[in-house]
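This report describes a single chain, from its overall form down to selected residues. The sequence and structure come before the details.

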Amino acid sequence: MDRPNREYPSARSRNNESVKTALVLSAGGMFGAYQAGAWSVLAGHFQPDLIVGASAGAINAWCIAGGCPPGELIEHWLTLECAATYGWQFPKAWHGGILNCTTLMAQVDEIYASFRPKIECAIVITELATLQPKIVRGPDVTADVLRASTAIFGLFEQVRIDGKIYTDGGTLAALPLWAAAELGADRAVAINALPALPGIIPKLFVAVVRRLSNFHPQVPHAMDEIRIAPSAPLGSGIDAIRWSKSNVERWVKQGREDAQACLAQTPILSENRA
């Protein structure tokens, strides 16, 4: 796995602290709007040294690391009409998808082009042939990497990078806390928009894939974790892949409420202010 580097100034060097704090953002499809709502509350209280994201969380991670204001991040989710409907298609290859996501991937490309990390950022993707995850870090993140991290197997076209096919970064572990630990984080604030998979088919598929893989994510017991997760179910499997403005508004609101509740009881979030 990739090891930590020192390419980015960190809160630990600014504040002479001995801890490295990560913001960890889970997979979740359209539920990623929940993370945007939660971050809009945390942003004024918590400054991460590292941001790690998988799938929808990869998009949010790239934006936040690039300095995207919380209100602008929410606006990205509120105006994602290109994901309201998808055309059906017959896959041209075994790694193709049954949904035409061309316009959605064009939006991912646009988001990629709009930001460059100002703090350390890492994106998780999954190599399809070996069912092993890969951590891709700031300077090495490309538009292809962001697209690969969001490429739900079977639904969207998988992405070829350097001759290998990659799929959704949340396939093996929706919440990439293991990657934050691998990159040297001592503590993590995780926003988990997908604590449980919605629907029987996604659960069966992921269970089979994880059994076939020999990947077993490890998070050191010594790493402090704060997890923010939905206090009520966000929606169905269809809701997770199909955009709806009313759903996004509801999820943003719920993310804010859950983050405020966490902030009220968690003093460590106020210890990492700039």
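A residue is called buried under 20% relative accessible area, exposed over 50% and partly exposed in between, with a 1.4 Å probe and protein chains only.

## Basis

This is a predicted model, in which local features need pLDDT of at least 70 and side-chain atom pairs count only at pLDDT 80 or more, while totals for chains, interfaces and linings use all residues. Residues are numbered from 1 along each chain as its sequence is written, and side-chain values use heavy atoms, with hydrogens and water left out.

## Overall form

Ten helices and ten strands make up the secondary structure of the chain; these are DSSP runs numbered from the N terminus, with helices being H or I of at least four residues and strands E of at least two. The C-alpha trace spans about 55 × 40 × 35 Å along its principal axes. The radius of gyration of the chain is 17 Å, which agrees with the value near 19 Å that a compact globule of 274 residues would have. That radius is taken over C-alpha atoms, and the globule rule is 2.2 Å times the number of residues to the power 0.38.

Of the 274 residues, 54% count as buried. Among contacts (heavy atoms within 4.5 Å) with a separation of 6 or more, 79% are between residues 24 or more positions apart.

## Surface and charge

The chain exposes about 12300 Å², with 55% supplied by carbon and sulfur atoms. Accessible areas come from the Shrake-Rupley method with a 1.4 Å probe, and for residues only the protein chains shown count as cover.

There are 24 positive and 25 negative side chains, and the centres of the two sets lie 2 Å apart. Lys and Arg count as positive and Asp and Glu as negative, without His and the chain ends; each charge is placed at NZ of Lys, CZ of Arg, CG of Asp or CD of Glu.

## Aromatic pairs

The structure holds six aromatic pairs. Rings of Phe, Tyr and Trp (its six-membered ring) pair if their centres lie within 6.5 Å; planes under 30 degrees apart count as stacked, over 60 as edge-to-face and the rest as tilted. One of the pairs, Phe31 and Trp251, is edge-to-face, at 5.0 Å centre to centre and 85 degrees between the planes. Phe31 lies in the loop between β1 (21–25) and α2 (32–42) and Trp251 in helix α10 (residues 245–265), so this pair ties together parts 220 residues apart in sequence. Phe31 counts as buried at 3% relative accessibility, and Trp251 counts as buried at 0%.

Phe153 and Phe205 form a stacked pair, 5.7 Å centre to centre with 5 degrees between the planes. Because Phe153 is in the loop between α6 (143–149) and β7 (159–161) and Phe205 in helix α8 (residues 200–212), the pair ties together parts that are 52 residues apart in sequence. Phe153 is partly exposed, at 30%, and Phe205 is partly exposed, at 35%.

## Helix α3 and positive phi

Helix α3 (residues 56–65) is mostly covered, with ten of its ten residues buried, including Trp62 and Cys63. Gly67, with a positive phi near 90 degrees, follows α3.

Most residues other than glycine have a negative phi. Leu131 has a positive phi of about 50 degrees; this residue lies in the loop between β5 (120–127) and β6 (132–137) and is buried at 15% relative accessibility. Asp162 also has a positive phi, near 50 degrees. Asp162 lies in the loop between β7 and β8 (164–167) and is exposed, at 76% relative accessibility.
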